[in-house]
Amino acid sequence: FAFRIFSRSHIQIQTCGPSETAMASTAPRHANGESLMASMEQTVSEACSRRDQRDQPSFLRRLIATMGPGLMVCFADTDGSCLITAADSGSEWRYKLLLLQAILVPILYWAQELAVRLALFRGKGLCALIREEAGVAWGWAVATPLLLDCVLALISEVNVVGQTMNACWGTPLVVTNSIFTVCLILLALTGSYEIAEKVGLAMGFLQVFFFGTVFMNHPSGSEVWTDLWSFPLNDASYVKLITANIGAVIMPWMLAYQQSALCEKGLAGEHGPDHLLIERIDTALGSLLTQAVMAAMLVTVAASKMYAGKDIEDVNQLLEIFSATMGGELRAKIALTFAICGACIVAAIVVSLCGAWALEEAMGRVPAREARLLGDTEEPLGLTQKVKYNLANRPVFYAAFVATCMTAWLLTVATPSFAVALTGVWTQFINGLLMPPVIFALWYLAAYKLPAEHRLRPGMKWFQFGVFGACSAFCLVSIPFAIQDSMAN
């Protein structure tokens with residue numbers, strides 16, 4: 001009898017399926033075998049538990065598999081315009097805006113963490129959530145300016161890529177910008193968020209090149225220390241650059257993108273204890289990297305002193321600075337081509353996707369993964385079939401995506417001087433003005449429209465309200481200073 005029980009339990013330990021485990025509890029019990037049977041059932045249960053623990057991926061593996069949206073959006077944050085803004089900050093004010101880069105790290109993290117909370121616990125993008133909570137009209141009220149902001153940002157990215165290739169290798173703008181635009185559209189036609197994320201991350205990591213140039217110009221420690229505590233707030237140019245740096249960090253489209261990207265990646269509605277922690281780590285790492293890149297560019301340009309007290313407006317000036325820094329023009333051309341174009345490519349992917357997603361969300365479409373889970377769609381086979389399927393089933397997305405890309409291409413090719421005027425500080429300044437309504441919409445939703453256990457705690461809620469309010473007020477109050485500075489130039 002004991003042998004029969006042992007044999008049956010041995011089979012259960014090998015399979016450990018739910019049906020086999022249930023068999024142990026329904027096995028015939030005899031008086032002289034009950035204690036042995038109970039012992040065997042406990043052995044089976046422990047074996048199943050150990051197997052489940054072995055089969056579950058480690059926290060590190062889950063972290064690596066899940067990371068992406070936070071890193072990608074932060075790499076996009078240091079796009080071509082941001083790099084020019086950082087360079088301009090270093091050339092005009094040396095290290096006086098370096099401390100600001102460090103201060104903005106936690107602010108950037110807090111802003112993005114709001115988007116993460118809403119995606120994980122409400123399962124919708126920003127425009128879709130506003131549509132649900134406040135109505136269709138408010139959904140459109142957010143989606144429309146967000147789409148226009150994405151178009152403006154994409155103009156800047158395409159323009160900087162064209163400038164870089166022209167300055168470094170003499171490639172005509174029309175050639176570079178046309179190839180870039182076609183590649184963006186082809187990437188979207190795959191219909192795969194995973195492919196877009198992999199391409200974006202690969203391009204974004206090229207920005208780490210700037211870490212290697214920080215000490216090449218031998219920045220003076222005494223100058224850095226003195227400038228860290230100098231704040232000439234009575235100067236209009238300084239105030240405008242503060243606003244531009246805030247706008248360069250907290251961009252409306254990056255916040256909307258991260259929230260929608262988590263939904264498109266299939267992480268919406270994940271309530272496990274580790275999911276929020278993993279996304280917070282992803283966001284924190286991205287926040288540190290993006291501000292480190294900005295600081296590296298600022299220090300490199302400030303220490304070079306080549307354009308001390310002057311504006312940095314285009315890639316040609318950066319090429320001069322980095323040629324002297326790296327001891328050769330060819331080295332500088334190769335490095336800037338990879339670093340600046342990589343930054344612009346990841347940013348272009350983010351802004352073009354964000355604008356199209358915003359329009360779809362305002363119209364009430366659910367993410368593609370969610371639609372398949374609900375049985376509304378089926379996964380097509382083959383690349384050609386996928387392209388046809390995507391065009392047929394997501395006409396709004398592709399219409400918005402292609403229109404955004406073609407508008408950026410047309411303006412950068414037909415009116416390059418206008419595109420240059422939009423690139424750099426003024427693009428970030430406009431982002432700074434558009435930031436307040438978006439950041440406070442996220443704050444309100446995270447503070448009052450989440451389940452009670454996932455809402456912002458009272459202390460953090462009002463602390464963030466004050467921080468975001470200060471940033472918003474600074475952006476709005478700086479408008480007269482910007483106008484004064486523009487008229488003076």
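1. A crossing is called left-handed if the near helix is turned anticlockwise from the far one by less than a right angle, and right-handed if clockwise. By this convention, α8 and α17 cross in a right-handed sense.

2. The model is predicted: local features need pLDDT of at least 70, side-chain atom pairs count only at pLDDT 80 or more, and totals for chains, interfaces and linings use all residues. Residues are numbered from 1 along each chain as its sequence is written, and side-chain values use heavy atoms, with hydrogens and water left out.

3. Helix α8 (residues 126–134) and helix α17 (residues 329–362) have axes that come within 7 Å and cross at roughly 20°. The two are therefore roughly parallel (angles under 35 degrees). In the contact (heavy atoms within 4.5 Å), L126, C127, A128 and R131 of α8 meet A358, E361 and A362 of α17. By class, five of these residues are nonpolar, none polar and two charged.

4. Helix α10 (residues 173–189) also packs on α17, at an angle of about 45° and with the axes 11 Å apart. This makes α10 oblique to α17. Here F180, L184 and L187 of α10 face C344, I345, A348 and I349 of α17 in the contact. That contact has seven nonpolar residues, with no polar and no charged ones. The crossing of α10 and α17 is right-handed.

5. N217 lies in the loop between α11 (193–204) and α12 (221–228). The residue is buried (under 20% relative accessible area), at 18%. The side chain of N217 reaches the backbone oxygen of T300 at 3.0 Å. Leaving aside neighbours within four places in sequence, N217 is in contact with T300, A303, S304 and T325.

Key: Axes are lines fitted to C-alpha atoms, for helices over the stretch in contact, and angles run from 0 to 180 degrees between N-to-C directions. Helices (H or I, at least four residues) and strands (E, at least two) are DSSP runs, numbered from the N terminus. Angles under 35 degrees count as roughly parallel, over 145 as roughly antiparallel, 65 to 115 as roughly perpendicular and the rest as oblique. Ala, Val, Leu, Ile, Met, Phe, Trp, Tyr, Cys and Pro count as nonpolar, Asp, Glu, Lys and Arg as charged, and the others, Gly among them, as polar. Buried means under 20% relative accessible area, exposed over 50%, partly exposed in between (1.4 Å probe, protein chains only). A polar contact is a pair of N or O atoms within 3.5 Å; within protein, one must be able to donate a hydrogen and the other to accept it, and residues adjacent in sequence count only if both atoms are side-chain atoms.
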